[in-house]
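Dear colleague,

Please find below the structure that I am handing over to you.

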Amino acid sequence: MTAEQPIYTPFFGVMGATSAMVFSALGAAYGTAKSGTGIAAMSVMRPELIMKSVVPVVMAGIVAIYGLVVALLISNGLVDDGSYTLFKSFVDLGAGLSVGLSGLAAGFAIGIVGDSGVRGTAQQPRLFVGMILILIFAEVLGLYGLIVALLLTTK
């Protein structure tokens with residue numbers, strides 16, 4: 001580190017990368033578990049709908065990919081040659097929190113909609129298209145966080 005940058009400067013960048021991955025993975029795990037519970041309950045009566053009902057689980061997994069992308073971008077920017085500034089570390093923390101927390105929220109929404117949606121689709125198949133649309137709206141919340149994080153990491 002140079003004399004201008006405090007020794008703790010990389011800490012905030014590392015916490016940004018960690019936040020991106022941890023929070024988005026938590027959202028994806030919740031979405032997968034909650035949707036998986038609905039699939040298991042639904043498949044007892046309608047086992048032919050299992051593959052059609054995996055859509056919420058796939059969408060929940062995509063949220064974790066958003067966090068992975070940002071965590072990799074942040075970690076690639078971490079250098080020990082003194083050029084990593086305190087400003088950049090704060091921006092990286094903001095980027096990680098942006099994608100991580102929006103991914104957590106998106107995962108919660110996907111899990112709740114996926115659980116109810118697959119159970120409802122088993123009773124009324126016409127509900128499937130509506131469930132997919134709501135899942136897309138929930139997924140785009142995580143995408144918004146990814147866009148903001150990508151903009152921040154380029155600063």
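**Findings**

Leucine 26 lies in helix α1. Please note from the outset that this is a predicted model.

**Overall architecture**

The chain contains 4 helices and 0 strands, and the order along the sequence is α-α-α-α. The radius of gyration is 19 Å, whereas the globule rule gives 15 Å for 155 residues; the chain is therefore more spread out than a compact globule. Along the principal axes, the C-alpha atoms occupy a box of roughly 65 × 20 × 15 Å. Of the 155 residues in the chain, 41% are buried.

**Helix pairs**

Two packed helices are described by the angle between their axes and by the distance between those axes. For α1 and α2, the axes come within 8 Å and cross at roughly 175°. An angle over 145 degrees counts as roughly antiparallel, and α1 and α2 are therefore roughly antiparallel to each other. The contact of α1 with α2 involves 15 nonpolar residues, 9 polar residues and no charged ones.

The second pair consists of α3, residues 86-123, and α4, residues 127-153. The axes of α3 and α4 are 7 Å apart, at an angle of about 175°. These two helices, α3 and α4, are therefore also roughly antiparallel to each other. In the contact of α3 with α4, 19 residues are nonpolar, 11 are polar and 3 are charged.

**Nonpolar cores**

Which residues touch the most other members of the largest nonpolar core? They are Met42, Ile110, Met131, Ile132 and Leu135, in a core of 15 residues. Two or more residues of this core are supplied by each of α1 (9-45), α2 (55-77), α3 and α4. The largest share, 5 residues, is that of α4. There is also a second, separate core of 10 residues, with Ala17, Ala71, Ala95 and Ala149 among them.

**Annotations from the record**

An unreviewed UniProt entry lists "domain: V-ATPase proteolipid subunit C-like" for residues 15-74 and 93-152. In the model, residues 15-74 are 85% helix and 0% strand, and the end C-alpha atoms of this span lie 10 Å apart. Residues 93-152 are 95% helix and 0% strand, with end C-alpha atoms 9 Å apart.

The annotation "transmembrane region", likewise from an unreviewed UniProt entry, covers residues 12-33, 54-74, 94-115 and 127-152. Two of these spans may be described further. Residues 94-115 are 100% helix and 0% strand, and the end C-alpha atoms are 31 Å apart. Residues 127-152 are likewise 100% helix and 0% strand, and here the end C-alpha atoms are 39 Å apart.

Yours sincerely

Note on methods. Residues numbered from 1 in each chain as written. Predicted model: local features only at pLDDT ≥ 70, side-chain atom pairs only at ≥ 80, totals over all residues. Heavy atoms only, no water. Axes fitted to C-alpha atoms, helices over the stretch in contact; angles between N-to-C directions. Parallel < 35°, antiparallel > 145°, perpendicular 65-115°, else oblique. Nonpolar A, V, L, I, M, F, W, Y, C, P; charged D, E, K, R; others polar. Core = buried A, V, L, I, M, F, W, Y, C linked by side-chain atoms within 4.5 Å. Buried < 20%, exposed > 50% of the residue type's maximum accessible area, 1.4 Å probe, protein only. UniProt positions renumbered as here; feature names shortened; annotations may be inferred. Rg over C-alpha atoms; globule rule 2.2 N^0.38 Å.
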